[in-house]
Structure formats: C-alpha cells, structure tokens
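Have a look at the model first, and then we will start with a pair of strands.

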Amino acid sequence: MYGRSQSRSTGLFLILCASMLVLAMVSEQSWAAGVRGVAKSALAPLESAMTQVAANVDRVTAGFGDVSALRTENQRLKAADEALRRQIVELNAAAKENATLRQALDFERSFGHRMVAAQVVGRGPDGFSRTLQIDRGTADGVQPGMIVTTGAGLVGRVREAGPHGAIVQTLGDPQSRVNVFLSKSGLQGTVTGGPAALQVEVEHSLGMTAVSGEWALTSGVGGGYPRGLVVGELASITHRPSSTSDQALVAWVNDPAGISLVLVITDFVPS
Amino acid sequence: MKRLLAVALMLATILVQVTWAPRLTIAGVFPNLALVAVIAVTWRSGVRSGMAWACVGGLMLDLTAPGPLGPHAVALLAGAYLTGFWTRNVDSESALHPMLAAAAGTAAYSILLVAADDTLGLPVPPLGVAMQLLVAASVYNAVLMPLALMLVRGHLHASPAARVSSA
C-alpha cells in the first residue's frame, strides 16, 4: 500500500516534470514569443499595484521613523499636528521623486539619445537571475536588446519585451558582461555580475595600474553598449602580478534595490 | 472555490516575492516565498497538494522571469517531491526536520533550475556563483520555514494518515 502510493507520486512527479519541460520547449519557439510576451505582460499591472503598496508602506514607516527621531530631539514637537507631519513626509517623498525625474530629464538632454522612461514594477524571482520588470513594452517602442539606464548610470539591457511590459537583465545578473575603461588610468576591463557586488577584470598595461576611486565607464568595445555610460567606482583592487589582469570590486552607481525609474535608450542598436 | 482561493494565495505570494522580498536581500539572496510555501504545504498536506501548488506557483514565477515557461515549475516540483519523500520517512512533529527539508528542497530547486536553463540553452551562472547562491538561499529558506508552517497550519488540516494517503 505504502509502496504503491510512493510509486504513484513518483509517476505523477515524472509526468508533471515532462509536461513542464515540453511546455518550456514549446514556449521557447520564436512563433510562441508573442503569446509568451502577452502572458508575461499580464502580471505587470498587478506587480505595479503591489509595488505602489510597498512604496506607501515605506512612506508610512519612514514617517514613523521621522516622528520618533523628532520626539527624542525636541520635546516641543510633541504638540505638532499629525496631519502636518504626514504632509511633510508626503512632500519629502514627492520632492525625492521630482529630483529623480529631473535628473533623468537632464541626463536625456545631455546624453543625446532618444529614451523612454519606465517604472520598475518588479524584480526577478530568485538570485539566479537579477532582473527588473518595467511597465513599458513593445507598444512603447521597447525592444529586446535595448540599453537601460538611470540618470546615475547604466542599469542593464532589455532581455524580453511584451506589449506592455519588459524584463531587464541588470548588471548584477551573474550572466551579465560589460566592457569598460577606467577614467584615470584608461585601462580596459570587463565587468561581470555577482551575488553581492560587481567585479571587474582589469587588463594589465605597461606602467599603468588601476587605483581605488577610479570610475568604470562603458568602453563601447564589442558594440554591446554605447561608450561613456557610468557603471561604477572601483572599491577595492586585488593586484595579481603573476597574472595578465587585476581583479577589483565595483561599487555600482545604481542600487538595484532602490531603482524605481529607468530610461530605455530606444535609438541605440547593439551590434 | 477552495482551488480558486489557493491560486489567489499563490498569486499573492508570487507578487510579494517579486516586489517586496528583494528588499530583504542578504548575501545576494532573498526569500523564495513560493518555494517555502510549496514545501510548507507539502509538509502539512502531502506531496500531491504540494505538487499542485508547485505547478501553479512555478508557472507564475516563469511569468516574472526571463526565458520560457516551465523551468521554475520543474524546480518547484523537485522541491515538493523531495519534501514529500522526507515527510514519509521522518518524525513530522520535529521542528528541525521541516527546516532541513526546506534547505534540501532549496538545493534541489536551485540545481534543477540551473540544469533546466542549461538544457534549454539559456545562460547559467558560473558554478562557483551558483554554489554560493545555493548555500545562502538554503539557509535563508530554512530559517523561514517554521514561520511558514505556522501560517499554513491555520489553513490546512491534514492528519499523518491523510498525508500518507495523499502521497
């Protein structure tokens, strides 16, 4: 009896696994890309709503934190009106959002590329793929392969796009590779993603050494990214005299957990 | 009605996982709530229920991830199956076993996910990085397991006999 039930569940497990693998192979076909994109876009509005709820919760908790700090700092603020405090918190949040939007607008003007602004509505489901979900898709001109940035610097690349949503592979993804050059030494290297921080392999050059504090910018080598986008700052370097390259950690200019608005460059075609 | 409620609960879990959970990132990983839920359901009400939740949750996860539909469902199924195997062979009242099952289920999930991606020709992380993520995620999900069991206790009532018959 026990053995039969075990073999039944094993059979069910194998059938379900086989079904899911068949589904994976079918949905991977190019003719199924449209349906897959539509299906993936379907969750975007729900994720957007959930992200909004999360932002509101953050705002409220930030408000509580502010109130607590103010109480300890100054007894007079005990009499402050609750509504006024809430308004201050809301205004602070609005000002922060305004600053982000202004930064994005300035960046678009100075960078000279056409861009589409998009809201981040979700993240990848696990640590194996560091991705972001945005609320713009093919209906807004977003296509797979397009470069994604913020006013601060490079975020990643559009991996898949549905009609009203897209998935962006960030630089933090373990499969991500970006060719860069260093701002002071001019040395070339490749930035790769990782579980905790970005890493860069800096190629040795006669008489030149990479130093902490240098900025890593996209080199344009390989044609995958336009030249000159800021990736991050060298945080620590491990010199390897016996090797042809040094290894360094890069402090990414974008905090992946804090990105809420991104810009998709729509007029740069990666080669 | 009960099934619809289960689907809605799983959808809510997935949405929390892809919107809120990344704020709790430690050592490069954040809670895999869908996997923890599947393991908790399997532990409480048997491997068949767990595999049903795994299919639904896995397909929803696939909708939020790059690539085809299916790999996350296969990975969650492995987690459910392994947990079902575990529950049949250990003292289900022990507090330690669900945590160990969660750690083992996470390891199975991670290996299957990377293997499925590799089989389908999708990019996979380097072995060292994958191992680091696997270990960190196993510990994280194991720590969350008692809480998950407390949450599902109120919703799912299954005696050990029912669990065996379900298996």
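## A strand and its neighbours

Ala161(A) has Ala166(A) of β5(A) as its bridge partner. This is a predicted model, in which local features need pLDDT of at least 70 and side-chain atom pairs count only at pLDDT 80 or more, while totals for chains, interfaces and linings use all residues. Residues are numbered from 1 along each chain as its sequence is written, with chains lettered from A and ligands numbered from 1 in the order in which they are written.

Strands β4(A) and β5(A) pair in the antiparallel sense over 5 bridges (strands pair if DSSP finds at least two bridges between them), and a hairpin of 4 residues joins them.

## How enclosed is β4(A)?

Because 8 of the 8 residues of β4(A) are buried, the strand is largely enclosed by the rest of the structure. Buried means that 20 or more other C-beta atoms, placed from the backbone, lie within 10 Å of the residue's own.

## The side facing chain B

In chain A, 42 residues are in contact with 45 residues of chain B (C-beta atoms, placed from the backbone, within 7 Å). Elements giving two or more residues to this side of chain A include α1 (2-27), β4 (154-161) and β5 (166-170). The largest share, 12 residues, comes from α1(A). Helices are DSSP runs of H or I with at least four residues, and strands are runs of E with at least two.

Notes: Contact = placed C-beta atoms within 7 Å. Buried ≥ 20, exposed ≤ 12 C-beta atoms within 10 Å, placed from the backbone.
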